[in-house]
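Dear colleague,

I am handing over the structure we spoke about, with my notes on it below. Could you read them with the model open beside you?

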Amino acid sequence: MIQFKALLIKEFKEAFRDKRALMVAMTMAMLAPVMILVLSKTMIKEMVATPPIYLNVTGESFAPKLIKQLKQNNIYPLSDVPEDIKNLWTERNIELIIPENFAEYMEEGRVITINLRADFSEKALNAPIRRIKNQINQYAQSIGAKRLIVRGIDPRILRPIQINDQDTAQPSSNAMFISLMLGLYVLMAAFMSGLSVAIDSSAGERERNVLEMLLCQPVSTFKIVAAKLCCASTISIIGVTLTLVLTSFSVSFVDLTKIGATFNLDLLMVLFLILLLLPISFFASALQLFVSFQAKSFKEAQSTVSMIIMLPAMIPVALMFIDDKPQWLDWLPVSGQSLLMDDLFKGIPINWAAFTGTALVTVGLTAALVIILSLRLKSEKVVLALS
Amino acid sequence: MKRTRLALFSFLLSITANAVLANEENSAVENCHLDGIRSQVQCGSLNVPENYNKPEGKNISINYAVLPAIDSSKNNAPLMFLAGGPGQAAVELAAHIRRSFAEIRKTRDIILIDQRGTGLSQPMLCDEATKGNLYSMIPEEFSEQETLDCITKLKETNELSQYNSENAIRDFDAVREALGYKQVNLYGGSYGTRAALVYMRLFPEAIKSVVLDSVGPIEVPIGLFGLSSERSFNLLLEHCANEESCNKAYPNLKEEFETVVNRLSNQVISLSVNHPRLGTKISFKLSKGKFISTLFKQLYSTQTRTIVPLIIHQAFLENYQPLLGLIATGEDAMSMYVGLTFNIVCNEDMPRVTDDMRVKDSKNSFDGGSSHAIFKTACDVWPKYQVDDAFYKPVVANIPTLILSGDLDPVTPPSNGEKSASTLPNSHHIISKNSAHIVASSACGVAMINDFLQHLDPKKVDQTCLLDIPAESFMTSLNGSI
């Protein structure tokens, strides 16, 4: 035990010596809250904002009430555009062409054709065009309903069936997109925060000839590996915790109620998430140690380990595309945790069996990696990077 | 107040930070789906004594729903919505309220309670008989017998004297307590304002603030709408005359209205028409009372007012189809529990109406007092309960109160709001020029309420958005107008 303690202290000293490298590793934790904040703000703006739209209207005087309704909904003729955004809207040039016979056709109950001309492939115009169409359709529908009423017909007969959506999601569900992002980021944090420490204490030490020295000491290779693992995964857990704490702080700056959503990350949830990701942190570090010991040089270790980082990013995304998830996905590392996080954010009660299952499988795999690694470290092939 | 829209909005709001989160242990509260709302809300029911003086006696169940705040972390005191009528069931209005009060629901739970006698709280429905013959029924033929049948039916299940305003408030406060809220904000619309005023008198300490929208003060009896509807109708005529297209299409609107009324005074018109929904041949009877009451209902909202000049003009030209279509649209309008309407109005309001008041109210150019008939007929036979004189005293309570009135309102004119404003020391009265009954039916009305709930100073409410509510405009031809 004393040996292990000494080893652990040595690893921590090494890890914390290079403060700048450590800071860089922790930036991952900073990145998530910032990204979530920025992305949600932009998304909310796009989802709720009905900024003024300026239309190049021809024949404005033929349909004054239609223009009035458009104005009520923040859609104005180009003549009203303020100077500072005049160029933008002149360039976008959404044209609404109201025919001269508008009044006549309206009176006679014929179909009036209004032309809406714009570059429909321009993405920035999608929302304005949709809003313009909605407003004109609403205006037309309300006239249509009144036409029926004044002919003694109940306009509701035009709508034989109405679908009433009944969503069974928990009312307390968190905003989907934030949950998705956060789930991804904490997994990434688990994999990335300990990364530099893992590579440095394996491939790095080998290149600095520290590893050889270490292996000469009368300690078991298992203890050496365990000390390295504990150090790297501690850093990884710090990264995860930081991500969660900072995110819960940054999300409070986003007014999600604007889009009818909410996001609550309370202490209990944070604790649960840390507990959930604890095995993953160990697993990630073990995997990284394993791979970098396999590599022949520090450089090679860096590039191979970077590939492993794709794992947490790919698995949750891939899971989104699988509609019928096979049971075993609940048990695998990364996918199991990812699915449990989904449930947690949706407010679904936690499936403790799956929780224990995935934790055991993850810990088991970690243990297997550690044992294999400590066996391999006995071979000089690994120590000297011979193949 | 017979019209349903009248009662659309009545809420109790309370903003206190000390509001306790909805009591989780109250096992009666469970997730449920309400019509027209996609996400789940919370529903529950509470047993209360039918007669509060006999707590061991019969219990009745009070149905309620909570529309949870989107962001519950703010811990704002909830808003309790007091429905109108009397006779509207708040829970049935859930989808409507959820939509229009979206801004408020962002950080506040909204509590909806079916007043005893409505919805799923011992409902007092009366109108099964009349539902089928919407088109052949005329108000002039409304008979005592219908009322008597209804009374007999209701008496089997309900002790009528207990279905009064004060007991309703006792129920509401019991629900508040059961839900674990220390204080609530009240929103009352139409009769809901009356309920809110009674609440302020009975349980002032449970109320954080009050919004009275389209006020029916306790001291002004419900049921005399002659003068107020005349005022509302005259404003409509004036606005039509001022709008170029409307004036051009209907230059003699007032004369045409009088001509139709005279024509119908002499004889009831009976027509063979197609049923607006079924398409089958039916007989459509049109009398003066039916003509006026149909128009009267359209005066409640700026949307329906648009069609009034056209209806009058077409009726003048002896085309009654528009009127028929209009009656059809009222068919499924949110239901009124008319038994409760009569029970409350006949006992709490009609006894206060003197012959003098009736005569005065009849002297108007719109309905000529014909709107009194139904309440008079029903109330003559409706079982009485004793209302204490103290009930009619104006409510004086030092609770922040925002009072809203729509200038075009045919039933609760701004003068009503003035009355309440003068007795409530911490209140402010805002009149919306281009609103009719229920100011909160416009986005601006809700925005003002939301603003008020944030700071609770009725005088500081930002009313600039009132200028954005468009003036009413009218449909000038059978195919619409440009």
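Over all chains, the structure holds 24 salt bridges, a salt bridge being a side-chain nitrogen of Lys or Arg within 4 Å of a carboxyl oxygen of Asp or Glu. Please keep in mind that this is a predicted model, in which local features need pLDDT of at least 70 and side-chain atom pairs count only at pLDDT 80 or more, while totals for chains, interfaces and linings use all residues. Residues are numbered from 1 along each chain as its sequence is written, chains are lettered from A and ligands numbered from 1 in the order in which they are written, and side-chain values use heavy atoms, with hydrogens and water left out.

Among these salt bridges is the one between A:Glu14 and A:Arg208, with 3.3 Å from N to O. A:Glu14 belongs to helix 1 (residues 2–17) of chain A, whereas A:Arg208 sits in the loop between helix 8 (195–207) and helix 9 (210–216) of chain A, so the pair ties together parts that are 194 residues apart in sequence. Helices here are DSSP runs of H or I with at least four residues, and strands are runs of E with at least two, numbered from the N terminus. A:Glu14 is buried, at 16% relative accessibility, while A:Arg208 is partly exposed at 42%; buried means under 20% relative accessible area, exposed over 50%, and partly exposed in between, with a 1.4 Å probe and protein chains only.

A second pair in chain A is A:Lys228 with A:Glu205, whose side chains meet at 2.7 Å, N to O. This pair links A:Lys228 in helix 10 (residues 221–251) of chain A with A:Glu205 in helix 8 of chain A, 23 residues apart. Both residues count as buried, A:Lys228 at 1% relative accessibility and A:Glu205 at 0%.

In chain B, the side chains of B:Glu472 and B:Arg305 form a salt bridge at 2.8 Å, N to O. B:Glu472 lies in the segment after helix 18 (443–455) of chain B and B:Arg305 in helix 11 (residues 302–305) of chain B, 167 residues apart. B:Glu472 and B:Arg305 are both buried. Returning to chain A, salt bridges that share partners join A:Lys10, A:Glu11, A:Glu14, A:Asp200, A:Glu205, A:Arg208 and A:Lys228 into one network.

Next, the interface. Chain A and chain B bury about 3200 Å² between them, 52% of it on carbon and sulfur atoms, where buried area is the accessible area (1.4 Å probe) that two parts lose on being put together, summed over both. Chain A gives 38 residues to the contact and chain B gives 42, contact meaning heavy atoms within 4.5 Å. There are 2 salt bridges between chain A and chain B, and one of them pairs A:Asp167 with B:Arg38, whose closest N and O atoms are 3.9 Å apart. On the side of chain A that touches chain B, the elements giving two or more residues are helix 3 (64–72), helix 5 (102–108) and helix 6 (126–149) of chain A.

Within chain B, helix 12 (residues 308–316) has 8 of its 9 residues buried, so it is largely enclosed by the rest of the structure. The buried residues of helix 12 of chain B are B:Val308, B:Pro309, B:Leu310, B:Ile311, B:Ile312, B:His313, B:Gln314 and B:Ala315. Their cover includes helix 7 (226–242), helix 8 (244–249), helix 9, helix 10, helix 11 and helix 13 (321–329) of chain B. After helix 12 of chain B comes B:Glu318, with a positive phi near 65°.

Finally, two single residues. A:Thr366 is placed in helix 14 (residues 352–376) of chain A and is buried, at 5% relative accessibility. Apart from neighbours within four places in sequence, A:Thr366 is in contact with A:Leu229, A:Pro279, A:Phe282, A:Phe283 and A:Ala286. B:Asp388, in the loop between helix 16 (372–381) and strand 11 (401–406) of chain B, is exposed at 55% relative accessibility. The C-alpha atoms of B:Asp388 and B:Glu348 are separated by 9.5 Å, with the two residues 40 apart along the chain.

With best regards
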